[in-house]
Amino acid sequence: MQVGLAIDVPVPVDVPFSREPQGRAPRLCCPPMYESFFGLAREPFSVAPDPRFLYLSKQHRDALGYLNYGLRRAGGFVLLTGEIGAGKTTVWRAFLEQLPPRLDVAYVVNPKMSVQALLKRLCESLQVELPADADRPGAEADLIDALHGHLLLAHAQGRRTLVVVDEAQALALPVLEQLRLLTNLVTNEDKLVQVLLIGQPELRQLLEHPEMAPVAQRIVARFHLQTLSRDETEAYLIHRLTVAGLTGPLPFEDEAIRRIHRLCRGTPRRINVLCDRAMTLAAERGQHRVDRTLVDQAASQVFDLPGLRQLGPRQAARWVAGGAAAALAVFALTRLLPPWQAAAAPGPVAGASTPSAAPAASAAVP
């Protein structure tokens with residue numbers, strides 16, 4: 001099964017109004033879709049998690065390999081981390097399709113919960129009958145007993161249990177400790193529960209907490225998902241556009257792809273947002289090729305880059321290009337000067353013709 005990336009696409013704020021006869025309220029006109037303009041059968045960067053659009057880079061395939069290795073260890077914790085929008089959910093959904101049929105999965109999507117709420121969620125997910133007084137304070141022991149009985153029965157039937165926690169960086173320390181205690185449930189030969197933690201880089205920092213040493217020592221496999229390289233970004237675009245029905249040449253120029261990769265830092269979700277807007281702008285202008293200028297215009301509309309929000313499209317493109325050139329000039333100057341002079345190299349001159357927010361914005365633009 002292939003799963004696409006779910007993304008949030010901002011709605012343009014400058015949607016034109018249609019002219020209506022006097023006395024009627026104006027109604028919004030939807031901007032034309034770009035699929036027909038580019039000869040596509042469907043949206044290549046849709047917000048829907050369409051499995052047909054799944055793109056597995058080498059890193060994503062490596063992550064799947066580590067997850068499968070950890071699953072074969074049949075115990076302890078498996079850890080998958082990555083930046084926001086790097087494709088962790090994509091990997092997890094692909095992993096889910098590869099799981100053996102005799103594996104029961106309990107999926108926790110809201111990690112901001114108490115220990116008692118966690119135990120109730122696991123019971124419900126595994127279809128374990130809750131104790132009659134499961135909601136009373138202090139019912140954790142009864143819930144654990146109910147879970148233990150179910151896990152022993154499942155093990156006797158040749159079944160295994162995997163607990164998956166998404167956004168695990170939001171787990172409270174007592175809840176993480178309770179998950180560790182669940183992995184202590186064993187028979188004479190096998191552990192009854194295995195835990196997969198999926199989260200942002202903060203999860204790794206959480207596990208470095210001294211109180212979490214018992215959990216960290218239980219991790220049998222871990223993988224940190226990096227963002228896409230420049231070549232992977234191009235392959236990603238080709239894949240999604242091909243699945244969408246593209247038969248002609250890639251509508252993105254090479255320089256535009258390099259710009260997309262740099263602005264998005266190789267993050268698939270950001271790439272989707274930016275490319276969707278860039279292709280919309282291209283269709284509105286009747287351009288069948290997306291160039292760097294168009295990418296910069298789209299970036300000024302969909303990314304929160306200080307100093308660009310108040311500029312027009314052409315000004316925004318010039319500002320982005322000028323900021324990059326200025327940064328390169330300063331870098332070259334400091335490389336040419338001796339070390340004792342490089343430290344004192346001047347920064348941007350006050351009152352220059354660039355926008356006042358330019359120093360802050362240049363830090364935000366990759």
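Two aromatic rings of Phe, Tyr or Trp are taken as a pair if their centres lie within 6.5 Å. By this criterion, the structure, which is a predicted model, holds 6 aromatic pairs. In one of them, the ring centres of Y34 and F38 are separated by 6.4 Å and the ring planes meet at 80°; because planes over 60 degrees apart count as edge-to-face, the pair is assigned to that class. Both partners are shielded from solvent by the cut-off of under 20% relative accessible area: Y34 is buried, with a value of 1%, and F38 is likewise buried, at 10%. Ring pairs also bring in F37, so that Y34, F37 and F38 are linked into a cluster.

A further pair is formed by W92 and F95, whose ring centres are 6.0 Å apart. An α-helix has 3.6 residues a turn, so residues three or four places apart point the same way. W92 has a relative accessible area of 4% and is buried; F95 is also buried, at 2%.

An aromatic ring is also involved in an interaction with a charged side chain. The charged end of R270 is placed over the ring of F303, at 4.2 Å from the ring centre.

At the level of the whole protein chain, the fold comprises 14 helices and 5 strands. Of the 366 residues in the chain, 43% are buried. Contacts between residues at least 6 apart in sequence were examined for their separation along the chain, and 73% of them join residues at least 24 apart. The accessible surface of the protein chain amounts to about 19000 Å², and carbon and sulfur atoms account for 55% of this area.

Helix α9, formed by residues 254–264, contains several buried positions.

Definitions and conventions
Residues are numbered from 1 along each chain as its sequence is written. This is a predicted model: local features need pLDDT of at least 70, side-chain atom pairs count only at pLDDT 80 or more; totals for chains, interfaces and linings use all residues. Side-chain values use heavy atoms; hydrogens and water are left out. Helices (H or I, at least four residues) and strands (E, at least two) are DSSP runs, numbered from the N terminus. Buried means under 20% relative accessible area, exposed over 50%, partly exposed in between (1.4 Å probe, protein chains only). Contact means heavy atoms within 4.5 Å. Accessible areas come from the Shrake-Rupley method with a 1.4 Å probe; for residues, only the protein chains shown count as cover. Rings of Phe, Tyr and Trp (its six-membered ring) pair if their centres lie within 6.5 Å; planes under 30 degrees apart count as stacked, over 60 as edge-to-face and the rest as tilted. A charge sits over a ring if NZ of Lys or CZ of Arg is within 6 Å of the ring centre and within 35 degrees of the ring normal.
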